[in-house]
Amino acid sequence: MNQGAAERMKGAAVKVTMLLFVSLAGAFQAVGQQRAPRARARPARAPDVLFVPTPPETVAEMLCLADIRDGDVLYDLGSGDGRIPIAAAERYGIRAVGIDIDPKMVAAARENARRAGVAERVSFLQEDLYKADISEATIVTLYLSDGLNLLLRPKLLRELRSGTRIISHDFRMGDWKPERSVRVNWRNLYRTIYVWTIPAHGRVQGRKNNRGVLHQPR
Ligand SMILES: C[S@@+](CC[C@H](N)C(=O)[O-])C[C@H]1O[C@@H](n2cnc3c(N)ncnc32)[C@H](O)[C@@H]1O
């Protein structure tokens, strides 16, 4: 097997691992819900993807690739336990916002921020990431799926200012080519981080259709 094929298999193995984890998490969650149907707060609707954490080394590299400067505001869309906004506030001193549809994840993230001593700079909102106001973000981080990223793309291009950096763990954005993709070793596999920048309006090499979708020449 050539090196390219081996590397593609490694990347595929990470995605299969994540899908298995998500399926198992869903099964366990379903069992838990059967045992205690009214014991816990429920999301307004089912999350599009369940909580799977980004490993710490990958969080660190995502923040490094975000090229953080004074005054930046980071939004993590689907923030889980809050690790990315909390790390941004702890290590770079910036303000950060996490958005998650699951009230249990929002409560856990708030508690984690309080314990880390960054609750004043970090906030967590229980909202649907597709409906939330994200216009103040200058950095957006994602760990969702290829399909969910693609659904999100028109909103990112419509609502974010030019120069805003988008950093996605493991998932791409359809035919919008990332300007950087970086691999981070993880066990005997790797994670991939993709980076895009919202283009200056009218200066992009490509065109936007009337839904704000960017078409780039292939
Ligand atoms: C794979 S986890 C990523 C967590 C965190 N960003 C990280 O990288 O460690 C995805 C998170 O997205 C949340 N989520 C799924 N669908 C959502 C939606 N429509 N709106 C907001 N959050 C959502 C889930 O509850 C889950 O916590």
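Q: Which residue stands opposite Leu-74 in β2?

A: This is a predicted model. Strands of a sheet pair through backbone hydrogen bonds, either parallel or antiparallel. In this structure the residue opposite Leu-74 is Ala-96 in β2. Strand β1, residues 73-77, pairs with β2 in the parallel sense, and the pairing runs over 5 bridges.

Q: In what order do the 7 strands form the sheet?

A: The order is β3-β2-β1-β4-β5-β7-β6, and the sheet is open with mixed pairing. β3 (122-126) and β6 (180-186) are the edge strands, each pairing on one side only. From one strand to the next the twist averages 20°.

Q: In which sense do β6 and β7 pair?

A: β6 and strand β7 (residues 189-197) pair in the antiparallel sense over 7 bridges. Within this pair, Val-182 stands opposite Ile-193 in β7. The two strands form a hairpin with 2 residues between them. Arg-187, in the turn, has a positive phi of about 50°.

Q: Which residues make the contact?

A: From α2 come Val-59, Met-62 and Leu-63. From α3 come Arg-83, Ile-84, Ala-87, Ala-88, Arg-91 and Tyr-92. The residues of this contact divide into 7 nonpolar, no polar and 2 charged.

Q: Which strands does α3 lie across?

A: Helix α3 lies across β1, β2, β3 and β4 (139-142). Relative to β2, α3 runs at about 175°.

Q: Which residues come nearest to the ligand?

A: Of the 23 residues around the ligand, those that come nearest are Pro-47, Thr-54, Gly-78, Gly-80 and Tyr-143. The elements giving two or more residues to this shell are α3 (83-92) and β2 (95-100).

Q: How many residues of the shell around the ligand are nonpolar, polar and charged?

A: The shell divides into 12 nonpolar, 5 polar and 6 charged residues.

Technical notes. Residues numbered from 1 in each chain as written. Predicted model: local features only at pLDDT ≥ 70, side-chain atom pairs only at ≥ 80, totals over all residues. Near = placed C-beta within 6 Å. Helix = DSSP H or I, 4+ residues; strand = E, 2+ residues; numbered from the N terminus. Nonpolar A, V, L, I, M, F, W, Y, C, P; charged D, E, K, R; others polar. Contact = placed C-beta atoms within 7 Å. Pairing = 2+ DSSP bridges. Axes fitted to C-alpha atoms, helices over the stretch in contact; angles between N-to-C directions.
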